[in-house]
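Please open the model in your viewer and keep the sequence panel beside it. The tour below goes from one selection to the next and says what can be found at each stop.

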Amino acid sequence: MTVKGFFKSNVFKCLVTLLCVLLVSGIFLTVMNGLLAVSDQERLDRAINKIYGKPVSYTELAVADYNSNATIEAAYKIKDDGNYLVKSTGKGGFDNGTITCWVVVEISGTSISGVGKVVIDSNKGQTQMAELKDSFLNQFSQGYYDGIYYATSDGFFVSNSTKSSNAVCNAVNGALDFVNAQPGITGGTEDVYAEFDYIDNIETKQTSHIVDEENNCVIFTVVSKGYNNPTNFTSEITVNAQGVITAFKIIVNGSTNDSYEDKVVQNAKIFVGKNLEGIKAILNVGESYPVYPGDNSNKFPVSGATESSYTVYTAALFAAANYDKILTVGEPELPDGGETEEGGNENE
C-alpha cells in the first residue's frame, strides 16, 4: 500500500477517529475533575454543616501527632461553644488501611468533658464502611469518661467490621490526645510507656505492669496491635531480674481463625527462656523495629499463623527490652553472651 493509499484507507480513518475520541475524552475528564474536585475548605464546611447544622466561627490550629495510631489532618477551636473539631485519621483498619473522622472534643473549663459527634470523612482500603452506622459512632459520646482509651476489646466495635472499628477508635483517641496536649488544657491519661523502647506495635495506654518484689520480676500485661488481619492480642509476660522471659501467656487472642489459636500459643513458647538479644535474634532485629517476616516465613516453629505470631512477638520484644526501666532492685544486668538462649536458632 502506498502512503497516499494509506491516508485514504479505513485503517487511517479509524485511527484518526480513535485519537479524536481520546482527545475529547481527556479534555472532558480534565474539566469535570476541576468542576467536581472538593477543596479542603469545602470538606470543612460540609463537616461543620453535618455536625452543627449551621455555619460557626472557628480558629485553625497548628497540627501535630500525639498518638502513633493516628494522624491529625486538621484541627479547629470552635468559638461558638469552646469545643475542638479535629480531623483525625485512624490507623489499624482492615488490611492496614485507615479511616478519617471529624471528631468533636467537648471542653468544660480547662479539661475535656466528653466526645461529641463523630463523623466519618473518608477511608482507605475498607470494605465494610456501610456497617459503621450512627448507632456505632454515637457510642463514643455515650461511653465517654475521663481518661478513657477507646478500644474494640472494650466493646467499641461492629460485628464483622472489627478492624474498621479499630481504625475509628484510633481516630477518636488521636483527637483526644491532640486536644489534651493543647495549651491551657489539663488532665488526660499519662502514657507511662511513651519513652520506652520498641513501642511501635504496642497499645501503650492499654498496657500495664506490676512488680513482684518477692520474686524480683516484672509481670507485664501487654496489648500488642494486630498486624494486618488479626486484631489486638493481650499477653501476660513475666521477666526476671536477669531480663529473661520466664512465662508467656496469651490472655486475649486476636486471631481471625480459631484454628490459628493453638499455633500462636505454640509459637509463643519460643520466647520463654530468652532475653532481649534472644528475642531480637528470632527476626534478626538490629536497632530498627522488626518488620513483618512474610507469610511464608519459617522464623516461627509452627507455620500458618504468621501475622498473629508476629503480633505476640512484638509484645515479647517490648517486655524484654523494658523490664530494667521498671525493676529497680539490684540494678540487674543482661546475661553476657546470651547464655539463657538455649535453642535460640531452633526456628532459623
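**The whole chain**

Begin with everything shown as a cartoon, bearing in mind that this is a predicted model. The secondary structure comes to nine helices and nine strands, and buried residues make up 45% of the 348 residues in the protein. Among contacts with a separation of 6 or more, 54% are between residues 24 or more positions apart.

**The largest nonpolar core**

Next, select Phe220, Phe271 and Tyr313, which are the residues with the most contacts inside the largest nonpolar core, a set of 39 residues. The elements that each supply at least two residues of this core include strand 7 (217-224), strand 8 (233-240), strand 9 (245-252) and helix 9 (306-322). Which element gives the largest share of this core? Helix 9 does, with ten residues.

Keep Tyr313 selected and display its surroundings: leaving aside residues up to four places away in sequence, Tyr313 touches Phe271, Ile279, Lys280, Ile282, Leu283, Val285, Pro290 and Phe300.

**Lys280 and Glu277**

From the list of Tyr313 neighbours, pick Lys280, which forms a salt bridge with Glu277, the closest N and O atoms being 3.8 Å apart. The two residues are three apart in helix 8, and are therefore separated by about one helical turn. Lys280 is buried, with a relative accessible area of 8%, whereas Glu277 counts as partly exposed at 42%.

**Two salt bridges that link separate elements**

The whole structure contains four salt bridges, and two further ones deserve a selection of their own. Select Arg43 and Asp121, whose side chains meet in a salt bridge at 3.8 Å, N to O. Arg43 lies in helix 3 (residues 40-52) and Asp121 in strand 5 (residues 111-124), so the pair ties together parts that are 78 residues apart in sequence. Arg43 is partly exposed at 32% relative accessibility, and Asp121 is partly exposed as well, at 24%.

Now move to Asp177 and Lys205, a salt bridge in which the closest N and O atoms are 2.6 Å apart. Because Asp177 lies in helix 6 and Lys205 in the loop between helix 6 and strand 6 (208-212), the pair ties together parts that are 28 residues apart in sequence. Is Asp177 buried or exposed? Asp177 is buried, with a relative accessible area of 10%, while Lys205 is partly exposed at 25%. Leaving out residues up to four places away in sequence, Asp177 touches Tyr66, Asn67 and Lys205; the C-alpha atoms of Asp177 and Asn67 are separated by 6.7 Å, although the two residues are 110 apart along the chain.

**Ser164, also in helix 6**

Stay with helix 6 (residues 162-180) and select Ser164, which counts as buried at 3% relative accessibility.

**The cysteines**

Select Cys101 and Cys169 together. A search of the whole structure finds zero disulfides, and the sulfur of Cys169 is 9.6 Å from its closest cysteine sulfur, in Cys101, which is too far for a bond. Cys101 is buried at 0% relative accessibility, and Cys169 is buried too, with a value of 0%.

**Two asparagines with positive phi**

Most residues other than glycine have a negative phi. Asn160, in the loop between helix 5 (139-142) and helix 6, has a positive phi of about 70°; Asn228, in the loop between strand 7 and strand 8, has a positive phi of about 60°. Asn160 is exposed, with a relative accessible area of 73%, but Asn228 is buried, with 11%.

**A nonpolar patch on the surface**

For the last stop, select Leu18, Leu19 and Leu22, which form a nonpolar patch on the surface with about 320 Å² of accessible area together. Leu18 lies in helix 2 (residues 10-36) and is partly exposed, with a relative accessible area of 49%.

Definitions and conventions
Residues numbered from 1 in each chain as written. Predicted model: local features only at pLDDT ≥ 70, side-chain atom pairs only at ≥ 80, totals over all residues. Heavy atoms only, no water. Disulfide = S-S within 2.5 Å. Buried < 20%, exposed > 50% of the residue type's maximum accessible area, 1.4 Å probe, protein only. Core = buried A, V, L, I, M, F, W, Y, C linked by side-chain atoms within 4.5 Å. Helix = DSSP H or I, 4+ residues; strand = E, 2+ residues; numbered from the N terminus. Contact = heavy atoms within 4.5 Å. Patch = residues over 30% accessible without salt bridge, like charges linked within 9 Å, V, L, I, M, F, W, Y side chains within 5 Å. Areas by Shrake-Rupley, 256 points an atom, 1.4 Å probe, with all protein chains shown as cover.
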